[in-house]
Amino acid sequence: MASAATDRPLSVQIKLFTRDQEIAVPSAPLLVPTTLRRYGLSQVVNHLLETEKAIPLDFLIDGTFLRTSLDEYLTQNGLSSESVLTLEYARSILPPTHLASFEHDDWVSSVATISQSATEARKAGQFLPQGQSRILSGSYDGIARIWDLSGNILAEASGHTAAVKAVDWISQDRLLTASLDRTVRLWSYAEDEDHTTGTVTALAEYIGHKSAINTIAISPSTNQFITSSLDGTSLLWSTSPTKSPPAAPQVSSTITSRQSKKRKTTASNLIRLGPLSVLQQPTPTAIPQAISATIFHPKDPQFAYSTTWSHTILTHDLLTSQCIDTRTTSHPILSIVALPSLSLLACGSSARHITLHDPRADAHTVSQAILRGHTNSVSALAASPQSEFLMVSSSYDGFCRVWDVRAAGAQGSLYTIKREGGDAATAANAGGIKKVFDVKWSKEVGIVSGGEDKRVQVNSGVSVAGEGGELTASLGGGKL
């Protein structure tokens, strides 16, 4: 008797669609051999596109990348060859590669990047050479460092009396650092003519939190930033000292200087500034719930989102400082990033997974999808600067993972980025774990992360198949 595989007809109907209009083909059903895999399906699409050079493609069925033949997929899912399969296709991507690691004296809590585009016209305050970038890192030794991509330290910002917990660039000549000492500092930055040395100068100190600060979010269009804290508050500030109120005297007196044996610090004689407003929580409680992260609305900076250890996502109206919406989740949330074109928020939880949420008031469900793969809390998230569907996460499990939100099934992440060299290798050999605390994704630099291994690590951003079949890397535009 013939087997079920040999009895199966050799063809199946498929419908092809893509969200990339540059490579779209007609949506009419096609009859194709069931033996086709990704490569054969790519040939079909490229034939329809009549491309001179083949564009490598990936295919998704029901939110899962196709890694078998169509025949195997039908068999594994109990489907008949009479079924009509709907396949979404997208340009293939290559895994990120390790480029460099920069050593620190202590844990790296946070990272940020800034670049001078090779094509963008220079604006006021921009001094970096065309096509160059800088990395800003915050460390548990209380120092923020500015690096070039060759691993040279150009400048150090020292002044906090405890670990630096969050850092970010306002512009090429301005930056912010936030610390476990409950303060935020505004710094100016400049470089010499040959760009081998930088100078950092403290301009002001923002005071208002009563506990450690977790994150900083900056809105360049409004010259404002938001901090989140373990004290249960998110505070709105101005990046301009002249537009900021003075810090309340009773708040200023609670800040005490703690000398560290590891670093040289001096008593602060900076201008002390206060917040513009306190973003309200929906229901005041006797014990404030820690705010893990806050971000601005990606399209309207008059609104912001906060996440809490008490399983909630809060929407704030910054004009009134009121909380206008609360979404309750199943687990504490540690990190958040917006996916603007999809109208989604990605939230990293203490339960090791990432949930996709629709924050719009008329959304009928809280969670739209769940991404699984990490084995410990998800500490940070960053969206791809090149694809609306890609993002990267960092975790206390010691890894970063690259995700495609279109494949929010049981498949897991597309790629896993491990820590390279140094303490990470020693820990791996000993069966230990070095947590990754933060990650950022820059078009010019790539994927930048920092963690318990005392290193900033730079990986190339995933490479996307370009026009004409060339695979262009996100770092430096090189070809792979």
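## Terms and model

A salt bridge is counted here when a side-chain nitrogen of Lys or Arg lies within 4 Å of a carboxyl oxygen of Asp or Glu. The structure is a predicted model, in which local features need a pLDDT of at least 70 and side-chain atom pairs count only at pLDDT 80 or more, whereas totals for chains, interfaces and linings use all residues. Residues are numbered from 1 along each chain as its sequence is written, and side-chain values use heavy atoms, with hydrogens and water left out.

## The chain as a whole

The secondary structure of the chain comes to 5 helices and 37 strands, where helices (H or I, at least four residues) and strands (E, at least two) are DSSP runs numbered from the N terminus. Of the 480 residues in the chain, 52% are buried; buried means under 20% relative accessible area, exposed means over 50%, and partly exposed lies in between, with a 1.4 Å probe and protein chains only.

A contact means heavy atoms within 4.5 Å. Among the contacts between residues at least 6 apart in sequence, 55% join residues that are at least 24 apart.

## Salt bridges

Side chains of opposite charge can pair when their charged atoms come close. A search of the whole structure finds 18 salt bridges, and one of them joins arginine 19 to glutamate 88, with the closest N and O atoms 2.7 Å apart. Arginine 19 lies in the loop between strand 1 and strand 2 (30–33), while glutamate 88 is in strand 5, so the pair ties together parts that are 69 residues apart in sequence. Arginine 19 counts as partly exposed because its relative accessibility is 42%, whereas glutamate 88 is buried because its relative accessible area is 6%.

Aspartate 404 and arginine 406 also meet through their side chains in a salt bridge (2.7 Å, N to O), and both of these residues are buried. Which residues are linked with Arg19 in a network of salt bridges? The network links Arg19, Glu88, Asp404 and Arg406.

A further salt bridge is formed by arginine 38 and aspartate 58, whose closest N and O atoms are 3.8 Å apart. This pair links distant parts of the chain, since arginine 38 is in helix 2 and aspartate 58 is in strand 3, 20 residues apart. Arginine 38 is partly exposed because its relative accessible area is 31%, and aspartate 58 is buried because its relative accessible area is 9%.

## Helix 2

Helix 2 (residues 38–49) has 12 residues and reaches 16 Å from its first C-alpha to its last, close to the 16 Å expected at 1.5 Å a residue; the expected span is 1.5 Å times one less than the number of residues. An α-helix has 3.6 residues a turn, so residues three or four places apart point the same way.

In helix 2, the residues Gly40, Leu41, Ser42, Val45 and Asn46 are buried. The buried residues of helix 2 pack against strand 1 (11–17), strand 3 (57–61), helix 3 (70–76) and strand 5 (84–91). Just after helix 2, glutamate 50 takes a positive phi of about 55°.

Strands of a sheet pair through backbone hydrogen bonds, either parallel or antiparallel, and two strands are taken to pair if DSSP finds at least two bridges between them. An open sheet of 5 strands has the order 12-13-14-15-19, with mixed pairing. Its edge strands, each pairing on one side only, are strand 12 (164–171) and strand 19 (271–273).

Strand 14 and strand 15 (residues 198–207) run antiparallel and are joined by 9 bridges; valine 184, for its part, has tyrosine 206 in strand 15 as its bridge partner. Serine 188 has its place in strand 14 (residues 183–191), and serine 188 is buried because its relative accessible area is 16%. Leaving out residues up to four places away in sequence, serine 188 touches Asp173, Arg174, Thr199, Val200, Thr201 and Leu203.

Glycine 198 lies in strand 15 and counts as buried because its relative accessibility is 12%. Glycine 198 and leucine 154 are 44 residues apart in sequence, yet 4.9 Å apart in space, C-alpha to C-alpha.

## Cysteines

A disulfide is counted as a pair of cysteine sulfur atoms within 2.5 Å, and by this rule the count comes to 0 disulfides. Cysteine 347 is buried, with a relative accessible area of 1%, and cysteine 400 counts as buried at 1% relative accessibility.
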